Every structure is written in structure tokens, then in C-alpha cells.
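Work through the exercises below with the model open beside the text. Each task is followed by its solution in steps.

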Amino acid sequence: MIMTDIIRKKRNGETLSKEEIEFVIDGITNSSIPDYQITALLMAIYFKGMDDDETSVLTSGMMHSGDIVNLSNIVGFKVDKHSTGGVGDKISIPLAPLVASAGVTVPMVSGRGLGHTGGTLDKLESIPGMRTDLQIDEFINQLKRIGVAIMGQTKEMNPADKKLYALRDVTATVESIPLITASIMSKKLAEGIDGLVLDVKYGNGAFIKTPDDAKILAEKMVNIGKSMNKNVTAFLTDMNQPLGEKLGNALEIEESIDILKGKGPEDVKELVLQLASEMLILGKVASTNDEALKILKNKLNSGEALKKFETMIEAQGGNTKIIENYDLLPHTAYILQIHAEQNGYISEIDTFGIGNFIVHIGGGRKTINDKIDHSVGVQLFKKIGMKVERDDIIANIHINKIENGEDLEKMFRSFIKISKNPVTPPPLIKEILK
Ligand code: URA
């Protein structure tokens, strides 16, 4: 087979055969197809899409591009959660230890920042010493010992996604329903899980902009999961404003710990509890939402969830002292305050703009080899619907280079719209699909 023919076929809107998709995945995995041809094909898929059969073949091929983790020796249910990506989306970090503290094993294989969105691995690596490059046997042993582990894909595990994910990140080809479906489901189905909770985000800070498209994506992922005999639940959740108050790698670790201490912003708390509740139900630890929430609140209040996070940090080589002393996390040299220029109500937040802003100040990657500055980020004090008075602080920008401070201020202010009339905030959870 010739790669140029496959690219041309997809570019012209034709359907790729099973053999062609498998040829591409083999070529990605054994590095025989150069990056420029892979990215050309990604762009063709972005524009022309893939039907359900192509998406299934792509998912299964990516999943089998490496080892499948065998967790059958671990007793009990293994349930994971994955988000399609957003700004300030640190949910996995408090959620995984919380759910594990309630008795459901959480084998979590996460990603790095993608486009304007942050990644769980980059956030965790803000913790001095924390390793996310576990080998599969380390991952399994840690799950056996403490019931939770978060790691990145290894060379052996889904190498096709690892490569595609990194290329999509820097070639503007993330926002594609078949590519997101295959990327997420191939990773998750290779983990050896019994159940999966998906957080499918829509809005101006998500890869998918409308609830209708998010529903199509959610249904595709639920159906692929079911076809492989997994219990999958998908939440459709709002990303028209960042989640929580702290955005950026180290800042999000602080907010995650706040949540485990029973503090933190209400939106993050609510989403952590609702997604965790569904994980307890899929993990057969609870049979109703009320029962699950009671267990989870108890684990937060008793400090067991926080303790589990501490144990996980320790197991992965991180400095557990950060839990009590946030000064041990990376911090920036400067904090730039952004003030409101008028009275009114926050009516709109350009969440995509804020995500890109964080990438721009060093919190994400612009090219595949960029190093992340874990310390930078934004504290956003005002959310949609909140009242503001002229000169109120809307946000703090955590930066290490102050030279172009005025430009940054101007840029950031353009992300926040203030209206004279009261505004109703969007609902956080729109729908749950099973
Ligand atoms: N998360 C993933 O793992 N893959 C995507 O394509 C988008 C979000």
C-alpha cells in the first residue's frame, strides 16, 4: 500500500478500508511513515471525518498497537474516568484518590496538555519528584497495593495514540470527533478496565463546541465501549468557562488538594462528586447516587481521600510535603492583577482564549519538544453571572516574564465580557448518557 494514495483517498472524502487503516497504524507504530504524511492524513480526517466502521477499526487498531494491561489478578471492579479536555480541568487529580479511597480500583492512563487544554500528567509533574512514566508492571503493582495509579502511555502501551496525540497537539487537528473517539477509547480500553466514566465537554473552551456535537461524540464512545463489553457512562458538561479558580499546572495541583481537604470551588467539587459517584455505581460499591455521595463525602471528611492522594504521590516518587505546604510547588516571579474596567455582571468568558494564553505564557507546548513552565497560570476570581464593580480584581496572572505586562493585561481583559444586565450561569452538567 502507498501512503500517498491513502491520504488522497481521505482528502477526497472516501471511506478507508480496514486494511488501509491498519496499514497506517502499523506504519505509525514502527515509524515507517514520516510525520509529514501522518499529519497530512490527520488533516484530511479532520476535514472529511470517518464513519462509525472506520472509527471502530481505528480505535481497535490503536488499542492493539501495543500491550493491553491485564488487571484480572486485581480483585474488585476497575473503573476509570476520562475527560475530552478543557481549561482548568483538574478533576482527575482529586477524583482518582477519592474513588480509590471508597474501594474502587482506579487505573488511570492520562495525557499531556493538548492544544489549549491542560493535561493531567503535566499537572502531576508540577509535584517535585513525581513520576508519571511508570512501567506497566509498576502500574499493576501500585494498583494492587494502593488501588490507584496515574501514568502516561508507555512505549509498549498504545504507541499509536502516543504519536498521534503529540502530532495532533501541534497541527490543529485535535477537534475531530473520530480522532477524539479513537484516541480516548483506545487508551481506555487498553487499560484492562471494567467500567469507564466519560466527561464530554462542550463550549468555547472545549474541542467540541456544541452540546449536540458533544452528544454525538459521547454516543460514539459509549457504543464503542459497549461493543467491547465495558460499562460506560458519559456526562455532557459545560466548558463555556474554565473549571474552578486556579488554571495552570502547579496552581491546579493546589486546587486539587483543596478539594481533597473539603475546600475549593463549588463547580470543581460538584463535578468531582458526581463523576466519582457514577464510578462507585459502576464499581458496585454503591447502588444509587445518594448512597455514593454519602460514601464520598465521608471519605473527604475523614481525610481518607487526602491520605490516598498522599500515598499515591509517595508511590510515584513525589514530595508529599506539598500537601501541607504549597510553597514547595513551583511559583512564578510575578503576579499581574487584572482589574475590571466597569460595573456589571460577567456575561461571557473566552475560555479557549484563556487556555491559549496559558500556553503562550509557558504553561503548555507550542511545538512538540517545548518544555512546560509548571509555575505559570491564572487565578480567575470571577465566573459567569457574578457581579463585578469597577476596579475589582478579576484575575491574577502568574508569570515569569513581566516585560510585555501591558500587552498581556490587554489580551486577558479581552477574554472577559461584562454586561450591564444580570446573567444566568450555564448549567454545569447537561445530560448523562449510558
Ligand atoms: N483526550 C484524549 O485522550 N484524546 C483526545 O483526542 C482528546 C482528549
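**Exercise 1.** Is Ala172 buried or exposed?

Solution. The model is predicted: local features need pLDDT of at least 70, side-chain atom pairs count only at pLDDT 80 or more, and totals for chains, interfaces and linings use all residues. Residues are numbered from 1 along each chain as its sequence is written, and side-chain values use heavy atoms, with hydrogens and water left out.

- Step 1: set the cut-offs. Buried means under 20% relative accessible area, exposed over 50%, and partly exposed in between (1.4 Å probe, protein chains only).
- Step 2: apply them. The relative accessible area of Ala172 is 52%, so Ala172 is exposed.
- Step 3: Ala172 sits in the loop between H8 and helix H9 (177-189); helices (H or I, at least four residues) and strands (E, at least two) are DSSP runs, numbered from the N terminus.
- Step 4: check the backbone. Phi of Ala172 is positive, about 55°, although the residue is not a glycine.

**Exercise 2.** Where is Asn158 found, and is Asn158 buried or exposed?

Solution. 

- Step 1: Asn158 belongs to the loop between strand S3 (148-151) and helix H8 (159-169).
- Step 2: with a relative accessible area of 0%, Asn158 is buried.
- Step 3: Asn158 is a residue other than glycine with a positive phi, near 45°.

**Exercise 3.** Which residues does Asn343 touch, not counting residues up to four places away in sequence?

Solution. 

- Step 1: locate Asn343 in the loop between strand S7 (334-339) and strand S8 (344-349).
- Step 2: its relative accessible area is 49%, so Asn343 is partly exposed.
- Step 3: list the contacts (heavy atoms within 4.5 Å). Asn343 touches Val388, Glu389, Arg390 and Ile418.
- Step 4: compare sequence and space for one of these. Asn343 and Ile418 are 75 residues apart in sequence, and their C-alpha atoms are 7.7 Å apart.

**Exercise 4.** How far apart in space are Asp327 and Gly363, C-alpha to C-alpha?

Solution. 

- Step 1: Asp327 is in the loop between helix H14 (304-315) and S7.
- Step 2: Asp327 counts as exposed, at 63% relative accessibility.
- Step 3: Asp327 and Gly363 are separated by 36 residues in sequence and by 18 Å in space, C-alpha to C-alpha.

**Exercise 5.** Describe the chain as a whole.

Solution. 

- Step 1: count the elements. The chain has 16 helices and 13 strands.
- Step 2: test the size. The radius of gyration, taken over C-alpha atoms against a globule rule of 2.2 Å times the number of residues to the power 0.38, is 21 Å, close to the 22 Å that the rule gives for 434 residues, so the chain is as compact as a globular protein of that length.
- Step 3: Of the 434 residues, 58% are buried.
- Step 4: Among contacts between residues at least 6 apart in sequence, 78% join residues at least 24 apart.
- Step 5: divide the chain. The domain assignment, with bounds from an automatic or database source, gives domain 1 (3-49), domain 2 (79-159 + 168-326) and domain 3 (331-419). The C-alpha centres of domain 1 and domain 3 are 38 Å apart.
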